[in-house]
Amino acid sequence: MYIFALAGALGAGAAQAGVCDARFMHDGGAVQLKGSGNLALGADLSFAEVTKSNGDNCRARVQGVATFSYAGLPPGKSRLDYLMTVKGGQATFVRYAEAGEAPKPSEGQFDLRMLGLFAYDGRLDAGQKLPGSSFRLKIGKDAPVGGQPATTVRIGEKTVGQKTPLQTALGKLSCHPIRYTRNSDPTMATFQGLTLPIPGLNTTVTDWYCPAVNLVMKQDIDQGGIKSAVEITQIK
């Protein structure tokens, strides 16, 4: 469940630019995210077998490792291997080994947008409102955090703020703070043979979207006054 807390995102900062024009969207491309605080999340992703029609239509194999720890629960590490398909700027994912099969969204298919790379696709303006959404996320051995239990994650309406200077791994950038709520239902999950309750999360999130690089370079997470953060630390 914790992987969704990495939701930042890649977007198109200029007309005609799309998610497929991401800085890392090429064979040999890579992105690293690191987290700190109560929700310590991270990911090292690599991109291969990339094919593009234009900025809004492409495919790529996404591989890597996601790490997570949360509120004293055992830390975990999960290998990721997905086929990503972007059509009209919207990304969908299926496990690479099952790439010839139809995805099964009803089972809580993992979506790499939870890792924060594809939430924004377009020019943003201060004061703009973006619609909320919800998705099901698997927890267990077949999912990035482990199997069949699943939780519902609900994202509230997003509000775009005025651009503010932000120090990032790519230097100082002017970035929009985009604020919203993100909540999830409680559930159970098994870690290394131990079944544990996973509490529901009620958080306020700020995505720092930086138009110059078409990326959310940092995400701040506030869970009842307990602070966490996720940052992109490397891109190639």
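1. **A right-handed disulfide to begin with.** The torsion about the S-S bond of C175 and C210 is about 95°, so this disulfide is right-handed. A disulfide here is a pair of cysteine sulfur atoms within 2.5 Å, and the sulfurs of C175 and C210 are 2.1 Å apart. The pair links distant parts of the chain, with C175 in strand β11 (residues 171-184) and C210 in strand β14 (residues 202-210), 35 residues apart. C175 counts as buried because its relative accessibility is 0%, and C210 is buried too, with a relative accessible area of 0%. Buried means under 20% relative accessible area, exposed means over 50%, and partly exposed is in between (1.4 Å probe, protein chains only).

2. **How to read this model.** Please keep in mind that this is a predicted model, in which local features need pLDDT of at least 70, side-chain atom pairs count only at pLDDT 80 or more, and totals for chains, interfaces and linings use all residues. Residues are numbered from 1 along each chain as its sequence is written, and side-chain values use heavy atoms, with hydrogens and water left out.

3. **The other disulfide.** How many disulfides does the structure hold? There are two. Besides the pair above, C20 is joined to C58, with an S to S distance of 2.0 Å. The torsion about the S-S bond of C20 and C58 is about -85°, so this disulfide is left-handed. C20 lies in the segment before β1 (29-37) and C58 in strand β3 (residues 57-70), so the pair ties together parts that are 38 residues apart in sequence. C20 has 0% relative accessibility and counts as buried; C58, at 6%, counts as buried as well. If you number the bonded cysteines in sequence order, the pairing is 1-2, 3-4.

4. **Overall make-up.** The protein has zero helices and 16 strands. Helices (H or I, at least four residues) and strands (E, at least two) are DSSP runs, numbered from the N terminus. Of the 236 residues, 51% are buried. Taking contacts with a separation of 6 or more, 57% are between residues 24 or more positions apart; contact means heavy atoms within 4.5 Å.

5. In soluble globular proteins, nonpolar side chains tend to be buried together. A nonpolar core is a set of buried Ala, Val, Leu, Ile, Met, Phe, Trp, Tyr and Cys residues joined through side-chain atoms within 4.5 Å. The largest core here has 37 residues, of which F24, M25, V31, F47, M84 and M217 touch the most other members. Strand β2 (residues 39-54) gives this core its largest share, six residues. A second, separate core of 10 residues includes L124, L130, Y209 and V216.

6. **Charges over rings.** The charged end of R61 sits over the ring of Y96, 3.6 Å from its centre. K158 lies over the face of Y180, at 4.6 Å from the ring centre. For a charge to count as over a ring, NZ of Lys or CZ of Arg must be within 6 Å of the ring centre and within 35 degrees of the ring normal.

7. Beyond four places in sequence, T85 touches C58, R59, Q90, A91 and T92. G89 lies in the loop between β4 and β5 and is buried, at 6% relative accessible area. The C-alpha atoms of G89 and D56 are separated by 4.3 Å, although the two residues are 33 apart along the chain. R123 is in the loop between β5 (90-95) and β6 (129-130), and counts as exposed at 52% relative accessibility. R123 and N214 are 91 residues apart in sequence and 9.4 Å apart in space, C-alpha to C-alpha.

8. **Where to be careful.** pLDDT is the predictor's confidence in each residue, from 0 to 100. The mean pLDDT of the protein is 76, and 72% of its residues reach 70 or more. Confidence is lowest in strand β12 (residues 187-191), at a mean of 69, and highest in strand β10 (residues 164-168), at 96. Over residues 105-111 the pLDDT is below 50, and this stretch has 19 contacts in the model beyond near neighbours in sequence. Residues 140-147 also stay under 50, with 26 contacts beyond four places in sequence. Where pLDDT is low, the predicted coordinates should not be read in detail.
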